[in-house]
Structures are given as C-alpha cells and as structure tokens.
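User: I have a structure to study and would like to work through it. Can you take my questions one at a time?

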Amino acid sequence: MSNKNIQKKETAVPHSVERINDQPVFIPAVDIIEDNNFFKIISDIPGADKNSIDVKFEKNVLTIRAESLEDNYKGELVYGEYTTGNYERSFSVSDEIDSEKIEAKYDKGVLTLILPKAASIKPRTIEVKTE
Amino acid sequence: MSITDLIPWKRNKNVSVNKSRSFHSSLQNEVNRLFDNFGRNWDVDFPFNKEESSVFYPDINLSENENECVVTAELPGMDEKDVNVVLKSGGLTIKGEKKSGSEEKKQNGYIYSERTYGSFYRQIPLPEEIDPDSVEAKFKNGVLTITLPKTEKAKAGRKKIDIKAE
C-alpha cells in the first residue's frame, strides 16, 4: 500500500504559489536502477498523453511533467478512487551524468528515462603491461 | 440501491464511495479501507504495509449514464495480455499480474523502488443489469476502460418522476 500512496500523493504546493489550473498535481512513483553505464528512472504515469510529457534538464535538475486529463467518464461518476491531474517530479542529478545523451521512452503509461554516466566515472579496466 | 449509496463523490478530495450491495460487505469494506488508509499520509513504511509488496490494488473509477456503465482502472505498464476481465452475475472481475523487471533487478542495483508489482484481483459490483455480449474493453496509456452497456430491461426500469409545483 505504501508504494501506491506515494504515487497518488499530491505535491505540497507552498501557500505562496498560486496554481495555474485547478488540476491536482501528483508525484508519480518511480524506480531508479543503477547499471555500470547508466541510471534508469522508470515512472508510472497512467493516463498521460504522450504529447503532454515534458522532460527538462536544467541546472542539474531533471524534471518530468505530464498531464493525465482524459477522464473517460460517461455520465456521472458513481465510485471514484482516482482523479485526473498532472504528474510532476524532479530529481537532482550530479555531474556524473552525460546530460546531452539523456533518453526518454513512453509506453503503456510508463515513462523510462535513461541517463548515461559520463565517461569519466565509468568503471575502467586498466591494462597491465609487462616490461 | 440502498441509502448508503447516496454519498456524494467529491472531486479533488480523497473521498471514496463504496457501492456495496449489503450492509455487511459495506462495513467490511469500510474496515478494510480504514486499515488501508492508516498511515497513508505519513512518510513512514510500516512493516504491515510492506507485506503487501507482491499484491497491489489498482485504482478504479466507475461512472454511469442512462445507457451504460464505464469502469476505468489505472494499470501502468500492463497490456491486454496481462489482464483478465470477466463479467459474472453481480459484478465485474478484473485480475492480472504486473511483471516486475526481475531480470533487471537481479543484474543491477535498485536505488529506489516505489512502483508496485505483483498480482491483483478486483471485483466491482455493478449497479444494473449489463448486456454481456456488447461489453468492450480497451487499453490506452496504461488505463483500462471497460464499457458495459445496460440491457433493455435495465434501461426500461428507469423512470423519471415528474415534480409538480403547487
């Protein structure tokens, strides 16, 4: 349950910030995986339209934003567990990432970001020479 | 329809309406929900919450108009092969399994793991009689939409009451 709650938790918008629209903003649940060559961020954003997804990298902060506004209702809602809204989440990224080569893929409500590690921090095998 | 069904659903508020047939099952649902909600807004992982890691509970919405009922379920990362939808008398059953990237998990280090994996089973009581032959289900962007047209009999059973002014 705890995981699901993270997905549907609304971001705490500071009181000084006015929202542009009345849609709630959700923090999408993510998995972050580290490999030798890259970091992978997998995020559940069900209902989001591909064209609404916005991935930005600015000042070492990677921000993902998406809109899930299609409610598919017919008539009136008689039982509700989720609402439509926006997804937004930011990640601080160190210089270890090659920001030029960040890739994003979207399939079946899941956004996958691949953040390649910079060449300088990749593990290297050092050749041993004989004299 | 019992009087307990007439609880309004409020947009932008986490109020859920339980549409249960009997008092006992609605009480049971309330108790389950109470436990589910316990600790929901705290950033603390309780041990009993963790036990559910292999079972999850996709969020659903049920809407209705004169001619049909529509059930939508948020199932990110799943497709039609992973989900089984069965219509039985008294309700709709959605079950399936979301496969984790277990191979990835073995090979690589997980830094964060918030997404839910595992199998789920949800049974949704339907408010009226459904024509089983014309039910349609489709997947879009990780959201499953099931359209359930009502039978002619169920449609005929609806009568608008005129209100007279005195």
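**Strands and cores**

Analyst: This is a predicted model. Start in chain A, where β2(A) and β3(A) form a hairpin with three residues between them.

User: How many bridges join β2(A) to β3(A), and how do the strands run?

Analyst: β2(A) covers residues 30-34. The two strands run antiparallel. Across the pair, A:Glu34 stands opposite A:Phe39. The number of bridges joining β2(A) to β3(A) is five.

User: Which strand is joined to β3(A) by seven bridges?

Analyst: Look at A:Ser43, which stands opposite A:Leu111. The strands run antiparallel, and the one joined to β3(A) by seven bridges is β9, residues 110-116.

User: Why is strand β3 of chain A described as largely enclosed by the rest of the structure?

Analyst: Strand β3 spans residues 38-44 and has seven residues. It is largely enclosed because the number of its residues that are buried is six.

User: Which residues have the most contacts inside the largest nonpolar core?

Analyst: This core has 17 residues. A second, separate core of 16 residues includes A:Phe39 and A:Leu113. In the largest core, the residues with the most contacts are B:Cys69, B:Val71, B:Ala73 and B:Leu148.

User: Which residues does B:Val71 touch, leaving out those up to four places away in sequence?

Analyst: B:Val71 is among the residues with the most contacts inside the largest core. Sequence neighbours up to four places away are not counted. B:Val71 then touches B:Ile60, B:Leu62, B:Leu92, B:Ile124, B:Ile146 and B:Leu148.

Methods:
Residues numbered from 1 in each chain as written. Chains lettered and ligands numbered in written order. Predicted model: local features only at pLDDT ≥ 70, side-chain atom pairs only at ≥ 80, totals over all residues. Core = buried A, V, L, I, M, F, W, Y, C linked by C-beta atoms within 7 Å. Buried ≥ 20, exposed ≤ 12 C-beta atoms within 10 Å, placed from the backbone. Contact = placed C-beta atoms within 7 Å. Helix = DSSP H or I, 4+ residues; strand = E, 2+ residues; numbered from the N terminus. Pairing = 2+ DSSP bridges.
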